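The sequence and the structure come first.

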Amino acid sequence: MLTPLLILLSCEMFLGDSGNDETGAKDGNDETGDVTETGDTEEEPEPEWSYSGETGPEHWGELSEEWSACGEGTQQSPVDITQADIELGSGTPPALSWSTTELNAYNPGYYLRYDVDPGSTMTVEGQQYDLVQFHFHGLSEHTVIGEHTDIEIHFVHTGKDDPTKLAVVAIFAGADAEDGVAGLFDEGGALRFREAIALPESHEPESLGTSVNLGEVFSFAEGSDALTYSGSLTTPPCTEGVQFYLVGTLLPMLPDDVAAFHALFDYNYRPTQPLNGRKLNMLSPATE
Ligand SMILES: [Zn+2]
């Protein structure tokens, strides 16, 4: 179930240098959901939401006036990806300049998030962004021809000049018994993943007492193709104008780590939303 993404994204017919290029996110949001508590202090009690039942994704738009985009938006995320929706983009994938950060993990009960120290940036289409946090969804939120991967990691960036401008780099991960990455997610691994998911439920980040160089850990993302499109936060308030960059190389994880994650966070993904005519632009690294 992991191969479709790779096949689709590495397919010869999508590599090339024509077509047009969609430009960036439009406006921002008040950063609930995917970008909660990244430094903003807006703290009004908001309705409970979840991934199932009466507070599940089908009802998010009804739970608060401010969340109407969840129900009525036309440029929502995530989306299902098929070949017919892909066009060749003229740009190159984001240049990632992620650096060393302390691991500040927290588990608000419905996902696992790490807040990132200042200093990690990315540049795309001449715009600079700061990495503020990354978090995990399981199964993946975006699908390829209806297929999920085991985990999708969202690296949330805000515009350096305009912090309301959001860009999310999505990395897909899946269990791979033969090539699963050791030393990253396993016991004592670079991300202290097992310790992080064992944290008690909290809305405060907790330092795990170690640092990690994100640029090294995720260096594979740099040379990879990416698909980009304009979407939304995938949690309330589902604000639109979020530019997604879906990395076309799958990160293999040890099956035990995926199982540990799913034991706690299974099904914290939003169902796919209609594209409504949007296309995904294929960005390939510049060749010399
Ligand atoms: Zn997310």
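## Terms and model

Two strands are said to pair if DSSP finds at least two bridges between them, where strands (E, at least two residues) and helices (H or I, at least four residues) are DSSP runs numbered from the N terminus. The model is a predicted one, in which local features need pLDDT of at least 70 and side-chain atom pairs count only at pLDDT 80 or more, whereas totals for chains, interfaces and linings use all residues. Residues are numbered from 1 along each chain as its sequence is written.

## The chain as a whole

The protein chain contains 6 helices and 15 strands. Of its 288 residues, 44% count as buried, a residue being buried if 20 or more other C-beta atoms lie within 10 Å of its own, exposed if 12 or fewer do, and partly exposed in between, with C-beta atoms placed from the backbone. Two residues are in contact if their C-beta atoms, placed in this way, lie within 7 Å; among contacts between residues at least 6 apart in sequence, 73% join residues at least 24 apart.

Strand 6 has a covered face, formed by Met-122 and Val-124, and an uncovered one, formed by Thr-121 and Thr-123.

Strand 9 (residues 151-159) is mostly covered, with 8 of its 9 residues buried. Strand 7 (residues 127-137) pairs with strand 9 in the antiparallel sense over 8 bridges, and Leu-131 has His-157 as its bridge partner in strand 9. Strand 9 is likewise joined to strand 10 (residues 166-175) by 8 bridges, again antiparallel, with Val-169 of strand 10 as the partner of Phe-155. A hairpin with 6 residues between its strands is formed by strand 9 and strand 10.

## The nonpolar core

A nonpolar core is a set of buried Ala, Val, Leu, Ile, Met, Phe, Trp, Tyr and Cys residues joined through C-beta atoms within 7 Å. The largest one has 66 residues, of which Val-168, Ala-170 and Ile-171 touch the most other members. Strand 10 gives the most to this core, with 9 residues.

In helix 6 (residues 255-265), Asp-257, Val-258, Phe-261 and Phe-265 are buried. They cover an arc of only 100° around the axis, taken from the directions from the helix axis to the C-beta atoms, which puts them on the same side of helix 6. The buried residues of this helix pack against several elements, including strand 7, strand 9, strand 10 and helix 4 (193-197). Just after helix 6, Tyr-267 takes a positive phi of about 65°.

Cys-70 lies in helix 3 (residues 68-72) and is buried, with 28 other C-beta atoms within 10 Å. Leaving aside neighbours within four places in sequence, Cys-70 is in contact with Trp-60, Gly-61, Pro-236, Pro-237 and Cys-238. Cys-70 and Gln-273 are 203 residues apart in sequence, yet 9.9 Å apart in space, C-alpha to C-alpha.
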